[in-house]
Amino acid sequence: MSYRIGFVFDDTLDVLDGVQQHVVTLGRELARRGHQVSYLVGETHHSPVPHTVSLARNVMVRFNGNRMRIPLPAPLTPIRQALTEGDFDILHVQAPYSPLLAGRILDHADERTGVVATYHIAASGPASRVGGRLLGALNAHSHRRVDEVIAVSQVAAAYAQGTAHVRGTVVPNPVDPSVFRAAQPDVPTDNHVVFLGRFVPRKGARTLLEALAYGERHGLLPEGLHATFIGDGPLLDECRRFASGLATPVEFTGAIYDAPRKAALLADADVAVFPATDGETFGIVLLEAIASGAGVTLAGDNPGYRWTMRGDADALFPVDGDGVDRILAERIVRALTDRPWAQELHDRESRLLERYDVATVANQVEAVYARAIADRRR
């Protein structure tokens with residue numbers, strides 16, 4: 001059965017951060033299956049997908065350890081027009097959401113339209129938990145319009161329960177391995193360590209640099225080791241200054257939005273390292289590294305990454321307490337020098353992709369859609 005689906009998202013599709021990647025990857029797969037997919041979003045000028053309707057201006061704020069965009073009050077006339085023209089079977093809202101855009105769309109949705117909300121967030125501290133509960137209270141009226149709830153991990157499910165008092169079906173973030181498997185490094189190199197993420201404290205770029213410094217001081221690093229840091233953010237200059245004191249060659253590329261180039265750098269990684277400390281719901285970037293063919297992917301042992309990596313103790317390393325620099329340095333060195341261990345870990349990580357493949361995820365989402373429509377039209 002073909003559905004008319006409207007993805008509802010307060011933020012822009014001009015950049016492909018985690019939630020945007022979820023929406024675009026899943027939407028493309030659903031469209032490939034014959035569904036009619038539209039995107040009702042915040043301020044967007046250069047969407048990567050067709051049938052995008054920009055319904056509000058956005059402003060930048062800080063929340064949950066990240067910079068993010070929130071919508072200004074969306075005018076009702078374009079919302080009503082988009083809902084009338086779309087004649088949606090399903091509205092799929094990305095949560096938590098703003099009462100100024102997504103909330104208004106839900107308030108004006110047709111009674112026969114099924115509504116699904118997917119939760120993407122994990123609390124990074126008391127302030128974000130309090131903020132989440134306040135937002136949940138503001139959205140209590142519109143949230144009653146939601147028929148089915150999805151959470152992208154158990155961490156996100158706990159957030160939904162704690163802030164909006166709803167229980168959801170856990171359906172993971174999707175990744176399209178075919179997009180990354182074709183990646184080839186421009187000039188293949190050996191002993192290459194790659195970091196990808198924003199230069200903010202919780203993403204841990206400084207943690208990786210300190211591990212490299214520990215490895216240098218103790219003579220652990222193999223000859224020819226070099227590192228690439230992909231991303232930007234407020235700590236970029238500080239990390240560049242720290243790296244200038246290392247003997248290890250470190251390149252800072254800045255943010256890369258070109259998917260093939262990003263995939264090529266990940267494909268050349270002998271070790272891809274993601275030392276995030278907290279606030280991680282899932283970790284799409286881990287799957288991108290694995291799908292690109294990185295030799296080994298190492299992840300900070302925060303709840304979201306642990307869930308995604310299925311608790312693999314070899315892939316996870318501590319991100320707080322004493323000795324983090326030593327442990328991470330030793331893990332990197334093992335990945336580069338213990339080939340049988342690295343190959344076994346690589347094989348285990350590669351097998352994770354079937355669980356998160358967009359085709360598998362879309363099957364689960366379609367089942368949730370069918371329940372939402374049936375409940376709404378019964």
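1. How many bridges join E1 to E2? The count is 6, and the two strands run parallel. Bear in mind that this is a predicted model.

2. Start with the whole sheet. It is open and has 7 strands, paired in parallel. The order reads E3-E2-E1-E6-E7-E8-E9. Strand E3 (52-54) and strand E9 (169-170) stand at the edges. Each has a single partner strand, so one side of each lacks a neighbour in the sheet.

3. Now take strand E1, residues 4-9. This strand is mostly covered, with 5 of its 6 residues buried. On the E2 side, Phe 9 of the pair stands opposite Val 41. On the E6 side, 4 bridges join E1 to strand E6 (residues 90-95), again in parallel. There, Val 8 has Val 93 as its bridge partner in E6.

4. Helix H1 covers residues 18-32. Together, E1, H1 and E2 make a β-α-β unit, and the unit is right-handed.

5. Strand E2 spans residues 36-41 and is joined to E3 by 3 bridges. These two strands run parallel. Within this pairing, Tyr 39 stands opposite Thr 52 in E3.

6. Finish at the E9 end. Helix H6 (residues 154-163) lies across strand E7 (114-119), strand E8 (148-151) and E9. What angle does H6 make with E7? The helix runs at about 115° to E7.

Terms used:
Residues numbered from 1 in each chain as written. Predicted model: local features only at pLDDT ≥ 70, side-chain atom pairs only at ≥ 80, totals over all residues. Heavy atoms only, no water. Pairing = 2+ DSSP bridges. Contact = heavy atoms within 4.5 Å. Axes fitted to C-alpha atoms, helices over the stretch in contact; angles between N-to-C directions. Buried < 20%, exposed > 50% of the residue type's maximum accessible area, 1.4 Å probe, protein only. Right-handed = clockwise from strand over helix to strand, strands pointing away.
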